[in-house]
Protein chains: 2
Amino acid sequence: MMTADNDAWLDAVNWNSEGLVPAIAQDVGTGKVLTLAWMNREALALTYTEQRAVYWSRSRQKLWRKGEESGHVQQLQQIRLDCDGDSVLLLVRQVGGIACHTGRERCFYRTLDNGAWKIDEAVLKDPATIYR
Amino acid sequence: MMTADNDAWLDAVNWNSEGLVPAIAQDVGTGKVLTLAWMNREALALTYTEQRAVYWSRSRQKLWRKGEESGHVQQLQQIRLDCDGDSVLLLVRQVGGIACHTGRERCFYRTLDNGAWKIDEAVLKDPATIYR
């Protein structure tokens with residue numbers, strides 16, 4: 001049962017005009033920044049109670065339990081909040097070692113190289129075999 | 001002089017309805033995620049040309065060269081883009097070892113501990129001596 005007291009930490013978050021906050025996921029093993037996704041209040045509450053990353057899909061307008069289809073769950077180690085309370089940092093263990101829907105380790109697989117984006121991280125698993 | 005060709009990498013970014021994109025800064029030395037701030041097109045272009053983090057201050061509605069007052073510049077090592085093109089990751093060297101205006105190493109100095117935010121990172125320098 002949720003009580004007013006339990007909600008205090010959620011009230012401390014400065015949700016934007018859409019009721020969302022950006023959430024960065026960082027792998028505790030490799031230290032790599034894996035993803036940036038968005039959370040509403042319910043998603044952040046569920047992330048804590050379920051100890052796995054739960055986001056708000058802006059494109060699908062619904063809760064998105066990371067890994068619900070792929071199995072690539074982000075197991076929660078820690079939740080951190082920044083000084084302005086308007087962004088969240090998750091320390092996670094990335095199940096399967098793949099965070100990106102492209103089958104790569106993470107979403108940040110492009111780097112700016114001589115004024116052009118260059119892919120410098122490999123596809124580890126064919127997305128067709130991840131999402132059936 | 002900017003040419004159409006030079007702008008292609010900026011066109012690849014999916015700017016939000018306000019013309020902004022969230023930018024994560026990660027310290028290349030410690031691996032810590034330091035800050036999440038916002039950039040408009042000009043800020044991202046300047047970050048690349050000046051090789052230091054330049055953000056768009058949403059509160060002040062103007063360009064903000066990180067460290068312009070404090071000296072705590074974020075020297076650019078790499079710019080990365082995510083799969084959707086709607087968030088940017090900067091690998092930086094944090095001059096002075098302080099990224100946060102509170103005088104702490106980084107903005108994410110609070111962790112969720114038994115349902116409450118707890119400060120677990122120290123003030124390294126009194127902000128009154130940083131901003132004169």
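**Note on the predicted two-chain model**

1. Leaving aside neighbours within four places in sequence, I24(B) is in contact with I24(A), V33(A), L36(A), V33(B), L36(B), L89(B) and L90(B). Here two residues are in contact if their C-beta atoms, placed from the backbone, lie within 7 Å.

2. This is a predicted model, in which local features need pLDDT of at least 70 and side-chain atom pairs count only at pLDDT 80 or more, while totals for chains, interfaces and linings use all residues. Residues are numbered from 1 along each chain as its sequence is written, and chains are lettered from A and ligands numbered from 1 in the order in which they are written.

3. I24(B) also stands out in the largest nonpolar core, where, of 60 residues, I24(A), L90(A), I24(B) and L90(B) touch the most other members. Such a core is a set of buried Ala, Val, Leu, Ile, Met, Phe, Trp, Tyr and Cys residues joined through C-beta atoms within 7 Å; a residue is buried if 20 or more other C-beta atoms lie within 10 Å of its own.

4. The contact between the chains takes 31 residues from chain A and 31 residues from chain B. On the chain B side, α1 (4-11), β1 (21-27), β2 (33-39), β5 (74-81), β7 (110-113) and β8 (116-119) each supply at least two residues. The largest share, four residues, comes from β5(B). Helices (H or I, at least four residues) and strands (E, at least two) are DSSP runs, numbered from the N terminus.

5. Strand pairing also links the chains: β5 (residues 74-81) of chain A and β7(B) pair in the antiparallel sense over two bridges, pairing being assigned if DSSP finds at least two bridges between two strands. Within β7(B), T111(B) is the bridge partner of R80(A).

6. In helix α2 (residues 41-50) of chain A, the residues A43(A), L44(A) and T47(A) are buried. Seen down the axis of α2(A), the buried residues fall within an arc of 100°, so they line one face of the helix. Just after α2(A), Q51(A) takes a positive phi of about 55°.

Notes. A residue is buried if 20 or more other C-beta atoms lie within 10 Å of its own, exposed if 12 or fewer, and partly exposed in between; C-beta atoms are placed from the backbone. The arc is that of the directions from the helix axis to the C-beta atoms.
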